[in-house]
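Trainee: I would like to go through this structure step by step, from the overall fold down to single side-chain pairs. Where do we begin?

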Amino acid sequence: MIELEGVPELIDPVMVAAFEGWNDAGDAASGAVAHLDREWKGEVFAALDAEDYYDFQVNRPTVWLDNGVRKITWPTTRLSVVRIGGAKPRDLVLVRGIEPSMRWRSFCNELLGFAHELGVEMVVILGALLGDTPHTRPVPVSGVTSDPDLARTMHLEETKYEGPTGIVGVLQEACTHAGVPAVSLWAAVPHYVSQPPNPKATLALLNRLEDLIDVRIPLGELPEDARAWQLGVDQLAAEDSEVAEYVQTLEEARDTADLPEASGDAIAREFERYLRRRDPSADPGPAPGGDATYLRDPSPGRPRPRRSPDPEEEPGETPDPPQA
């Protein structure tokens, strides 16, 4: 049973999810949700039972000391709520976890149970994949959906991918079957520098999320971290002539492909983001009187949906963009 006594009625809530593992190149997606949680001081209100979904030989628990007392942290998926203040306040339900090892359909149904109880209007799932993209250019971020109407109204791509999929693709399809609007945002990470973290890809995902749900996201030190990351990769590439030549080849291919992007629509999107950041009424700080004290720690018991999605509507296998 889902217990939400400590969470108030939410305002236009959007669920934003990311999962470590196969769908998280450079930790870009999980890093983006972690950034939102940190900047808006989210507090966990629920956690899925790790025993049901994880192979502990694959995702091992960690032992740590708390004032001399040994404790164990189990790999799981946790949910938190943050309230965005400003002229048009709204709430985000943040889902951050690890791609499950088993029982994916039950996993998705449990998350959809939370979405249903919280009145979530849309689910946005973040992912990152390895691609032939140069680190010196803006990070490509694609927005895809299985819903043709949503693709048309929000200027997204209707996914046509066929092949192996991860939890991002399965959860998006589960949302479609349950009638919940769902979008996946994918950042392309250079395959020749795939080691985490990749703050530049994280920043690109947050910028695209900001445009999609029309909120101002505080970026903190992330832009500076992204610049430092690129300078570091520049230096490493300069020390290897073969890598430098390869990067130049990718740059030429990317510049040729991106010529149409130097359009009025692309410029308008950047200008709108600039205005949103300058608008003092779009302050993303906590709402007046809102200090997140309405949140509570999750109980040790396993949360169960009171009204789970129709068991006949099981997630299909329409996958997400290809992974390297």
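Fold, cores and salt bridges

Mentor: The protein has 9 helices and 10 strands. The model is a predicted one.

Trainee: What percentage of the residues in the protein is buried?

Mentor: A residue counts as buried when its relative accessible area is under 20%. The protein has 324 residues, and the buried share of them is 47%.

Trainee: Among contacts with a separation of 6 or more, what share comes from residues 24 or more positions apart?

Mentor: A contact here means heavy atoms within 4.5 Å. Among contacts in the protein with a separation of 6 or more, residues 24 or more positions apart account for 82%.

Trainee: In what order do the strands of the open sheet lie?

Mentor: The sheet is open, its pairing is mixed, and it is formed by 8 strands. Strand 2 and strand 9 (157–158) each have a single partner strand, so one side of each has no neighbour in the sheet and the two stand at the edges. The order is 2-5-6-1-7-10-8-9.

Trainee: Which residue of strand 7 is the bridge partner of A17?

Mentor: Strands of a sheet pair through backbone hydrogen bonds, in either a parallel or an antiparallel sense. Strand 1 and strand 7 pair in the parallel sense, over 4 bridges. The bridge partner of A17 in strand 7 is I125.

Trainee: At about what angle to strand 1 does helix 3 run?

Mentor: Helix 3 packs on the sheet and touches strand 1, strand 2, strand 5 and strand 6. Its buried residues include F107, L111, F114 and L118, and what covers the buried residues of helix 3 also includes helix 2 (50–53) and helix 5 (167–178). The direction of helix 3 makes an angle with that of strand 1 of about 155 degrees.

Trainee: Which residue with a positive phi follows helix 3?

Mentor: Helix 3 has 15 residues, and its first and last C-alpha atoms are 21 Å apart, close to the 21 Å expected at 1.5 Å a residue. Phi is positive, near 70 degrees, at the residue that follows helix 3, G119.

Trainee: Helix 5 lies across strand 1, strand 7, strand 8 and strand 10; at about what angle does it run to strand 10?

Mentor: Strand 8 covers residues 141–145 and strand 10 covers residues 182–190. Helix 5 lies across both, and across strand 1 and strand 7. It runs to strand 10 at about 165 degrees.

Trainee: Which elements are included in what covers the buried residues of helix 1?

Mentor: The buried residues of helix 1 include A28, A32, V33 and L36. K41, with a positive phi near 55 degrees, follows the helix. The cover of the buried residues includes strand 1, strand 6, strand 7, helix 6 and helix 7.

Trainee: Which element supplies the largest share of the largest nonpolar core?

Mentor: This core has 39 residues, and those with the most contacts inside it are V16, L92, V124, L126, L185 and I213. Elements that each supply at least two of its residues include helix 1 (28–39), strand 10 and helix 7. The largest share, 8 residues, comes from helix 6.

Trainee: Which residues does I213 touch, leaving out those up to four places away in sequence?

Mentor: I213 is among the residues with the most contacts inside the largest nonpolar core. With residues up to four places away in sequence not counted, it touches V14, R90, L92, M122 and V124.

Trainee: How many residues apart in sequence are the parts that R90 and E121 tie together?

Mentor: R90 forms a salt bridge with E121, with the closest N and O atoms 3.9 Å apart. R90 lies in strand 6 (residues 90–98) and E121 in the loop between helix 3 (104–118) and strand 7 (122–131), so the pair joins parts whose separation in sequence is 31 residues.

Trainee: Is E121 buried or partly exposed?

Mentor: R90 is buried, at 16% relative accessible area. E121 has a relative accessibility of 42%, so E121 counts as partly exposed.

Notes: Residues numbered from 1 in each chain as written. Predicted model: local features only at pLDDT ≥ 70, side-chain atom pairs only at ≥ 80, totals over all residues. Heavy atoms only, no water. Salt bridge = Lys/Arg side-chain N within 4 Å of Asp/Glu carboxyl O. Buried < 20%, exposed > 50% of the residue type's maximum accessible area, 1.4 Å probe, protein only. Expected span 1.5 Å × (residues − 1). Pairing = 2+ DSSP bridges. Axes fitted to C-alpha atoms, helices over the stretch in contact; angles between N-to-C directions. Core = buried A, V, L, I, M, F, W, Y, C linked by side-chain atoms within 4.5 Å.
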